[in-house]
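Visitor: Please take one part of this model and go through it closely. I would like to hear how it is paired and what lies around it, with the cut-offs stated.

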Amino acid sequence: MCLIIQVTELVDGIFIGCSFNHMVTDGTSLWHFMAAWSEIFRSGGQSVSRPPVFKRWVLDGYDPIINLPYNHQEQFIERFENQTFKERFFSFSSTAISKLKATANSECNTQKISSLQAVIALLWRCITRARCLPHDCEITCSLMFSTRARLNPSLSDDYFGNPVHIVGGKATVGDLLAHGLGWAAFQLHEAVINHDDKAIKEEVESWIKSPVIYKRIHLFGANLVRAASSPRFDMYGCEFGLGKALAVRSGCTNKCDGKITMHPGREGGGSMDVEVCLLPEYMKNIQSDKELMSYLMID
């Protein structure tokens, strides 16, 4: 099932909730849907200016029908289990992010590192310190990103689907903490730029030849930090007659120790709100991390 919408009638109004199956649509598609819904509301039921593109993208030469190598549902179905972790939002002002980006680029003598890469790199370092792992332990910071613009020919920004891949930077704890912010950010930058049209199609082709359904155990781990969502999504631009939203929050699924979720800051201007999920003892440590707090205190 792709879309579920639930309408709850209250004494003084209604509450409308919706959810998408992430196997079918990504964050770009979700917020395109929300923006279109908001536009229809504000225009009094008129059509939207940017209708979604529903034509499915399939690698040339392959049948879109894939036979999965499973004999029983238990081989690919994973039951949801509540995890014990703490969640906290950290708000980075636009000034703090500008400083982070400038620092990362200066340390690498480049101008290629993005604001998002700089923020994720900072959190990668801080979470690693909070976990107190051995210095020879290898750790990975992975991020999900849309492949629309990286395909040749590219997919439309309005493509309604899930063209998302996962890339990541790897390092030992010792190397990550011995080097500066710029070094960590450059590992993420290299992982992103190297995932071009050729790499994307090779990964898709490999999966088609040997399909597998990934479970949570494959996506999370004690030595992993995973970043998802994007501060570029227009989360506060969707308006339904009640004014600008007070905050953006996410549900309990797809969360575990080491998951960070990126949101735009409510004040705009390039600010970011980051939701961090960690085990209780790690959350206690990160809240006193001097490097992290030094940037959070910048207005």
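Guide: Strand 4 and strand 6 (residues 224-229) form a parallel pair over four bridges; helices (H or I, at least four residues) and strands (E, at least two) are DSSP runs, numbered from the N terminus, and two strands pair if DSSP finds at least two bridges between them. Within this pairing, S142 has R226 in strand 6 as its bridge partner. This is a predicted model, in which local features need pLDDT of at least 70 and side-chain atom pairs count only at pLDDT 80 or more, while totals for chains, interfaces and linings use all residues. Residues are numbered from 1 along each chain as its sequence is written, and side-chain values use heavy atoms, with hydrogens and water left out.

Strand 4 (residues 138-146) also pairs with strand 5 (residues 164-172), here in the antiparallel sense and over nine bridges. F145 stands opposite H165 of strand 5. The loop between strand 4 and strand 5 contains P153, and the peptide bond leading from N152 to P153 is cis, with omega near 0°.

Most residues other than glycine have a negative phi, and most peptide bonds are trans. C132 is not a glycine, yet its phi is positive, at about 55°. C132 is placed in the loop between helix 3 (115-131) and strand 4. Its relative accessibility is 60%, so C132 counts as exposed; the classes are buried for under 20% relative accessible area, exposed for over 50%, and partly exposed in between (1.4 Å probe, protein chains only). S229, likewise not a glycine, has a positive phi of about 65°. S229 belongs to strand 6, and because its relative accessibility is 29%, S229 counts as partly exposed.

From helix 1 (residues 27-42) comes S29. S29 has a relative accessibility of 1% and therefore counts as buried. Leaving aside residues up to four places away in sequence, S29 touches R148, Y159, F160 and G161, where contact means heavy atoms within 4.5 Å.

Another antiparallel pair is made by strand 1 (residues 3-10) and strand 2 (residues 13-20), joined by eight bridges. The link from strand 1 to strand 2 is a hairpin of two residues, and T8 stands opposite F15 in strand 2.

As for the whole chain, its secondary structure comes to nine helices and eight strands. The radius of gyration is 20 Å, close to the 19 Å that the globule rule gives for 299 residues, so the chain is as compact as a globular protein of that length; the radius is taken over C-alpha atoms, and the rule is 2.2 Å times the number of residues to the power 0.38. Along the principal axes, the C-alpha atoms fill a box of roughly 55 × 50 × 40 Å. Of the 299 residues in the chain, 38% are buried. Among contacts with a separation of 6 or more, 72% are between residues 24 or more positions apart.
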